[in-house]
Each structure stands twice: as structure tokens, then as C-alpha cells.
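Subject: Structure handover

Hello,

Here is the structure I promised you. Please open it beside this email and follow along.

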Amino acid sequence: MGASKKNAKATKKFEQKHLGGVLERRKAVAKIKQKQQIKEKKQAKRAKDDEFFKGADGTVKRPANKKPGTQGTEMSVDDFFKGGFEILDKSAPTENGKTAALGKRKRGEANAREETSDQSDGSDVDVSDNEEDVVTDSEAGFSDEEDEEDLGMSKNAMAALAEKDPEFYKFLKENDPEALDFDENASLDEVDELSGSDEEDEQPKKKQKKGKKAQEEEVDDSAHELTKAMVAKWEKALNETKSLKAAKQTVIAFRCAAHLNEEDEENPQRYSIKNPEVFHNILMVALKLIPEVLNHHLPVKESAAGRAYVQTETKKFKTLSNLIKSFAASIIRLLGTLSDDATVKLTLNALQPLLPYLLSFRKLLKVLIKTIVAFWSQPASSDSTRITAFLVIRRLMVVSDKGVREAVFKAAYRGLFDNSKHTNHNTIQGINLMKNSAAELWGLDQSLGYTTAFTSIRQLAIHLRNSIINNKQVHNVYNWQFVHALDFWSCVLSEHCSPLKEAEAGKESQLKLLIYPLVQVTLGVLRLIPTAIYFPLRFQLIRSLLRLSRATDTYIPLASCLLEVLSSAEMKKAPKQSTLKPLDFAVAYKAPKSYLRTRVYQDGVGEQVVELLSEFFVLWAKSIAFPEFSLPVVISLKRWLKEARKRSTGNKNGKLGGSLVLLVQKLEANAKFIEERRAKVEFAPKDRAQVEGFLKDLEVERTPVGAFVVGQRKLREERRKVVEEARKAEEGKRREEEREALQGGGG
């Protein structure tokens with residue numbers, strides 16, 4: 001006791017007299033060490049630069065008109081990696097998942113980043129508690145606070161940083177110039193010098209003299225209203241001479257058009273636009289001609305693999321970088337104000353030739369990706385707008401590197417499922433379009449696509465595990481987002497793991513390894529709550545697995561999942577009468593309680609069971625093992641029919657019974673058909689190649705089950721068209737009544 005009291009007293013005395021000074025000294029020493037480490041890194045970097053630029057005679061030959069220490073930011077990407085320079089992480093996340101704000105670097109920051117990245121590879125993915133959220137902001141790689149600083153610092157912030165911490169400002173200028181250089185309202189005066197030299201080269205005989213009158217006119221332009229004559233003059237210069245000076249004025253005017261009706265006292269716009277025709281003309285000129293002018297002065301080259309690149313180390317690119325960024329930022333701003341489909345498509349198409357130039361500006365590119373994905377995924381977009389936006393996304397995937405591709409994957413995945421929370425007749429077509437188009441992206445880079453797909457499927461498995469452990473979290477699994485997530489990955493694997501695709505590529509798809517985990521998660525989800533209210537969700541997921549089985553020739557045991565539906569209490573008890581409309585299972589994952597134990601719901605469930613069983617067996621209708629394969633199901637169906645006939649009370653649905661009898665007959669006929677054909681073969685079951693080639697050339701429509709399924713598909717398609725026409729007519733009538741009611745109320 002005495003010793004502990006003595007230690008406590010000594011500790012308090014030390015805290016009172018010495019602790020503050022010790023902490024201050026430690027901070028001072030840490031600052032000195034940090035500065036020394038930065039200095040050593042710079043020296044090591046310069047040494048590597050010297051080795052890279054060392055000539056045959058052993059002397060260091062640096063590029064002309066460049067300061068020592070700036071080579072790392074002015075090289076091409078290929079030269080950058082050849083030199084073995086250190087890659088600086090410009091947007092590393094902090095512990096809370098958000099980008100750190102500009103300021104002094106904290107001690108141990110690099111070590112913390114390495115530990116975080118190492119731990120993330122093997123740790124569990126966080127599970128959101130939101131009822132419908134499958135993809136969180138952190139998983140998708142975006143946050144709102146990051147977007148506020150995506151386009152760099154303002155001039156005032158740059159000046160304040162340079163005054164407050166000149167060493168850190170110098171460090172950023174050398175290693176992350178993008179964070180400092182870009183100002184959306186930049187004057188672009190540096191283009192004048194370059195444009196002057198270009199015009200002298202193109203027209204050496206004409207002297208570029210500017211009198212007082214011309215200077216006054218140029219000064220007056222800053223306060224003038226934009227006119228048709230000015231736009232026509234710039235258009236002529238852009239077409240005839242590819243003038244950079246005209247390009248500069250066009251970009252500034254385009255920026256004014258993008259910020260129309262926005263008042264900014266600190267950064268007033270140079271031109272005012274009051275005529276709609278002038279607004280339209282400047283948009284057309286800028287969107288069509290600026291990319292052509294840029295390609296004239298900075299040609300885009302493509303590698304054999306399709307990667308596009310621009311010589312970013314040239315003086316011309318550095319001079320035009322602010323013009324390119326200002327033009328791209330104005331397009332992003334303009335897209336947020338447009339509502340006309342034709343103008344939106346024109347603006348999106350103008351982005352395609354700009355993409356190779358924007359690869360060097362990652363922060364601006366991230367905002368651009370989110371903007372394009374928003375047009376591709378939002379329900380208000382028309383199909384043509386979605387397709388145009390997707391073509392831009394696909395082009396970006398082709399010309400970019402892995403870092404940009406990963407950002408595109410995350411943004412597309414998040415955009416798809418953020419806009420699939422509400423599924424109905426009006427949105428299902430757009431959601432299917434998004435799933436089918438996004439599935440194509442994962443085939444452009446299968447190695448990176450495998451990583452993102454594995455992470456997502458693992459996240460879905462974690463949601464399922466938590467729902468099994470804690471029944472209160474079932475809503476995290478049984479929602480439209482989760483259903484569309486599983487269906488989307490089924491689309492991806494069906495698209496890229498088919499034998500035909502693998503034959504064209506000459507190798508097995510890397511995504512094929514994901515078939516087993518996806519099937520296991522899907523089967524676990526559809527059996528999580530085996531009640532009648534979630535039969536529509538079960539049917540949705542079975543259709544996804546049927547697509548996957550059909551495309552990849554993978555056997556998935558689905559018959560038992562459908563027989564469980566027939567054996568449920570819902571299909572055995574006598575139905576109650578109702579006047580409800582038939583439930584549309586295509587846009588439902590959960591049946592309303594009013595439908596339970598009704599004849600219309602039992603009929604709908606029975607139709608789905610018969611349809612899905614027939615679609616399942618038609619996949620293996622030519623299999624040499626079909627008789628043995630179908631026998632357990634045939635016996636189960638016959639037993640169910642026998643019990644239904646013997647029931648004195650309960651469900652005696654003659655419609656369902658007739659459909660099942662017909663299905664059993666077709667299965668038995670197909671089994672007999674296969675037995676007759678395989679009785680003539682001369683190979684043994686061990687000859688796998690001949691077993692797999694059995695009836696390979698026979699069309700499935702010529703089998704009894706195949707002919708039955710083809711006929712049923714045609715009938716269902718005709719019925720679907722009639723129902724869809726009736727639904728549209730009813731919806732139009734309802735809208736007309738609402739319009740008349742509004743007009744009557746207004747009168």
C-alpha cells in the first residue's frame with residue numbers, strides 16, 4: 001500500500017511540473033524528424049531522377065527549361081514507372097473513411113495507411129443497418145465531403161496555405177500540383193502565349209500586331225453581352241485555323257452559359273447571355289469544336305490494347321491543362337441543369353473525345369464519373385440517355401488504367417442499386433437495362449472485375465449470415481436491392497462464363513470461380529423464410545439461377561425448392577373467395593397479406609411452379625441421365641396429385657392439378673425418348689467425352705419437354721402483351737381522369 005501511494009504521488013508531481021514540457025519537446029523533435037524524412041525522400045528521389053536522366057557519358061542530362069526536382073510531375077506515365085519513383089497517394093482515406101483535408105501531415109500517417117490496407121484484406125466488411133441499403137457510401141468509394149474538394153483549392157485557400165505553411169505548400173506543389181493549380185473560374189491567360197506562338201508558326205508572313213482599338217475592344221468584351229457575331233467569329237477561327245485563342249474565348253463563354261442565372265460577386269462571369277439562340281449556338285460550337293481543336297494540338301494515341309494516352313509531359317499540355325479542366329468542369333455543371341434528352345445526349349457524347357485528356361486529373365475525373373453514372377442510373381432518364389451515358393462509361397473503361405476502372409466499377413454498382421429500391425412496372429425496364437449493360441463492364445477487365453465481384457458477393461453473404469443469426473435483420477436481405485444484387489451478379493457470370501465466350505477468349509473466365517459462392521448465397525436467401533408471403537421472392541431468385549445454369553452449363557438443384565412450395569400449407573388449405581386482381585410476380589418480391597389463402601394467389605403460385613419446373617427440366621432434356629434425373633420429381637408430383645384427389649377438405653384446385661398432370665406426362669415422355677436413344681449407344685458411362693456429346697446436335701425443341709416449353713413460352717408472351725396493353729390503357733384512363741379533376745377544381 002505504501003509503495004503504491006508513493007508512486008501515485010510521484011506521478012501527480014510529474015504531471016504538474018514536467019509533463020507539459022516533455023510533451024512539447026516530443027512534438028518539436030517529431031517535427032524535426034518529419035522535416036528530415038521529407039528532405040531525405042527528396043534527395044533519394046532526385047538521385048533516382050539523376051540515374052534515369054544519366055546519359056551514355058555518365059553525365060546527367062535533364063530536360064531543358066525545367067527546374068531540378070520537377071521531373072516526377074512532368075513525365076509520361078510510362079517514364080514515371082520506368083524511373084522507379086515513389087507513387088504518392090493523393091486521396092488516401094483517413095481512419096473515418098473520409099479524405100483528409102489539406103494541412104500539415106500527421107506523424108505516422110503513412111504507417112497507419114499501410115496497416116489499414118493490410119487489415120482490410122482479411123477483415124469483415126461492415127454491414128449497414130439500413131433497411132434497403134446494400135451498397136454504402138464507403139463501400140462505393142465516395143462521400144459527400146470528398147466532392148467538395150474534388151476540384152482543388154481556391155486562390156484564397158492557396159494563398160493562405162502558402163503564407164501559413166510554406167514548406168507544406170512547396171511539398172504539395174512538387175508532389176500534388178493538381179490540388180493547387182485548378183481554379184474553375186481561372187482566366188486562362190496562359191493560353192494566349194501559346195496561341196500567339198502557334199499562330200506565328202502557322203502564318204509567319206502575317207504580323208500579330210494589336211492596336212489600341214483592338215485592345216479596347218478586348219477589354220470591353222469582358223463586360224459585353226455575348227452576341228451571335230462573336231460566336232460566329234470564334235466558330236470560324238476554330239474551324240479554319242484551330243485557333244487556341246478562339247478556343248479560350250469559347251471555353252470562357254461556355255463556362256458563362258453553364259453558370260447561367262448564377263450570381264457570384266467574388267467571381268463575376270465575363271459574358272452575359274440574354275438571347276436563347278446565342279445560348280444554343282455557344283453550346284453547339286463548344287461541344288463540337290473544342291474536342292477537335294484539342295485533338296489537333298494534342299493528338300490522342302492508342303496502344304494495341306486500346307489504351308489511349310496523351311503526351312502529358314509537353315509544355316503545350318501543361319499550358320492547356322487549365323483550359324481542359326475548365327471545359328470539363330463546365331460540362332459537369334451544365335449537365336446538372338439540362339432536362340432535354342437531345343441536349344443531354346449531345347453533351348454526353350462530347351465527353352467521349354475528352355476522356356483521354358482527363359485521365360491525368362483524377363479528382364475531376366471522379367466527379368465526372370459520378371455525374372455520368374447518375375444519368376445512366378436515375379429513373380427519370382430515358383432509355384436513349386441511359387445508353388449514351390453507358391457508352392461514355394464503357395469508353396472510359398477501355399482507355400483508362402486500373403485505378404479509374406475500379407472507380408467506375410464502384411460508381412456503377414452503387415448507382416445501379418441506389419436506384420433499384422423501388423421496382424414497379426414503370427421502373428423494371430430501366431433496371432433490367434442497367435443490369436444488362438453494367439454486366440458488360442465486368443468483362444473488360446476480368447481480373448479487377450473478379451476482385452470487385454468477390455467483395456460484393458462476400459458482403460451479401462455477410463448480410464445473409466447476420467440475418468440467420470439475428471432474425472430482426474431479415475429486412476436487410478428481403479428487399480428489392482438484395483434481390484437485384486443477386487440477379488445482377490447472375491447476369492455478370494452468365495455473360496462472361498458461358499462456353500462460347502470462353503471459346504472466343506481461348507481460356508477459362510476468371511469470374512467462373514464465383515459461380516459456386518453466388519449459388520450458395522442465393523439458395524440460402526430463398527430458403528431463409530419459407531413462408532407463403534415470400535414465394536414471389538423465391539421465384540425471382542430461381543429465375544436468376546436458371547439463367548446462370550443455362551448460360552454456364554452448371555447443374556443447380558432447383559426442383560426441391562419448387563416442390564417445397566407445393567408442400568406448403570398455403571397450397572394445401574382450402575382457398576377463400578376474393579375479387580383481387582392476379583398478382584404480377586415479375587414486379588413483386590412479397591405478397592400482400594390480403595392475397596394469402598385466396599384462389600387467385602394459389603392459381604398464380606401454381607402457374608409459377610409449373611413454369612419454373614418445366615424451364616428447369618428443359619435445360620437437361622438432352623442429357624443421357626434424364627430418366628434417372630427426373631424420376632424423383634415425377635414420383636413427388638404424382639404423390640401430391642394423389643393426396644389432392646383424396647382430400648375431403650382443403651385445396652382441390654383443378655386448374656393446378658391439370659397443369660401438373662400435363663407436366664408429368666411430358667417428363668415421362670421425355671424420359672422414354674432418352675431411353676430409346678441411349679439404348680443404341682456403344683460407349684460406357686466412363687467415356688466422359690461421348691457422354692457429354694450425347695444428342696449434342698439435336699435441337700432441344702425436338703424433345704417432348706422442349707416442344708412443350710416452347711409452346712408454353714409463346715402462350716405466356718401473348719398473355720403478357722394483352723395484360724400489358726390493358727394495364728397501359730387503364731393507366732392512361734386514370735391519368736385522364738386526374739387531369740380532368742384538376743381542370744375542374746381549377747375552374
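Start with a group of charged residues. Arg543, Arg550, Glu611, Glu615, Arg713 and Arg716 are linked in a network of salt bridges. Side chains of opposite charge can pair when their charged atoms come close. Keep in mind that this is a predicted model.

The whole chain

The protein chain has 747 residues, and 42% of them count as buried. Its secondary structure comes to 33 helices and two strands. The accessible surface is about 41,500 Å². Carbon and sulfur atoms account for 51% of that surface.

Salt bridges within helices

How many salt bridges does the structure hold? The count is 31.

Go to helix H21, residues 402–418. Lysine 410 and glutamate 406 form a salt bridge there, at 3.6 Å from N to O. The two are four residues apart in the helix, so about one helical turn separates them. Lysine 410 has 29% relative accessibility and counts as partly exposed. Glutamate 406 is partly exposed too, at 32%.

Stay in H21 for the second pair. The side chains of aspartate 418 and arginine 414 meet in a salt bridge of 3.2 Å, N to O. Here again the spacing is four residues, about one turn of the helix. Is arginine 414 buried or exposed? Its relative accessible area is 17%, so arginine 414 is buried, the cut-off being under 20%. Aspartate 418 has 28% and is partly exposed.

Arginine 735 and glutamate 731 meet in a salt bridge at 2.8 Å, N to O. Glutamate 731 is buried, with a relative accessible area of 14%. Arginine 735 is partly exposed, at 46%.

Helix H19 covers residues 362–377 and has 16 residues. From its first C-alpha to its last it reaches 22 Å. That is close to the 22 Å expected at 1.5 Å a residue. H19 is mostly covered, with 13 of its 16 residues buried.

Helix H30 runs over residues 626–646, which makes 21 residues. Its reach is 30 Å between the first and last C-alpha, close to the 30 Å expected. Where is the kink in H30 centred? Look at proline 632, where the helix kinks by about 30°. Several residues of H30 are buried, among them Phe626, Pro627, Ser630 and Val633. Further along, the buried residues include Leu637, Trp640, Leu641 and Ala644.

Aspartate 383 lies in helix H20, residues 383–399. At 34% relative accessibility, aspartate 383 counts as partly exposed. Which residues does aspartate 383 contact, leaving aside neighbours within four places in sequence? They are Gln429 and Leu433. Aspartate 383 and leucine 433 are 50 residues apart in sequence. In space, their C-alpha atoms are 8.1 Å apart.

Serine 498 is in a loop between two helices, H24 (480–496) and H25 (499–505). Its relative accessible area is 11%, so serine 498 falls under the 20% limit and is buried. Not counting residues up to four places away in sequence, serine 498 touches Leu493 and Ala551.

A patch on the surface

Last, turn to the surface. Phe14, Leu19 and Leu23 form a nonpolar patch there. Together they have about 230 Å² of accessible area. Leucine 19 belongs to helix H2, residues 19–53. With a relative accessible area of 31%, leucine 19 is partly exposed.

Best wishes

Conventions:
Residues numbered from 1 in each chain as written. Predicted model: local features only at pLDDT ≥ 70, side-chain atom pairs only at ≥ 80, totals over all residues. Heavy atoms only, no water. Patch = residues over 30% accessible without salt bridge, like charges linked within 9 Å, V, L, I, M, F, W, Y side chains within 5 Å. Areas by Shrake-Rupley, 256 points an atom, 1.4 Å probe, with all protein chains shown as cover. Salt bridge = Lys/Arg side-chain N within 4 Å of Asp/Glu carboxyl O. Buried < 20%, exposed > 50% of the residue type's maximum accessible area, 1.4 Å probe, protein only. Expected span 1.5 Å × (residues − 1). Bend = angle between axes of the 7 residues up to and from the residue. Contact = heavy atoms within 4.5 Å.
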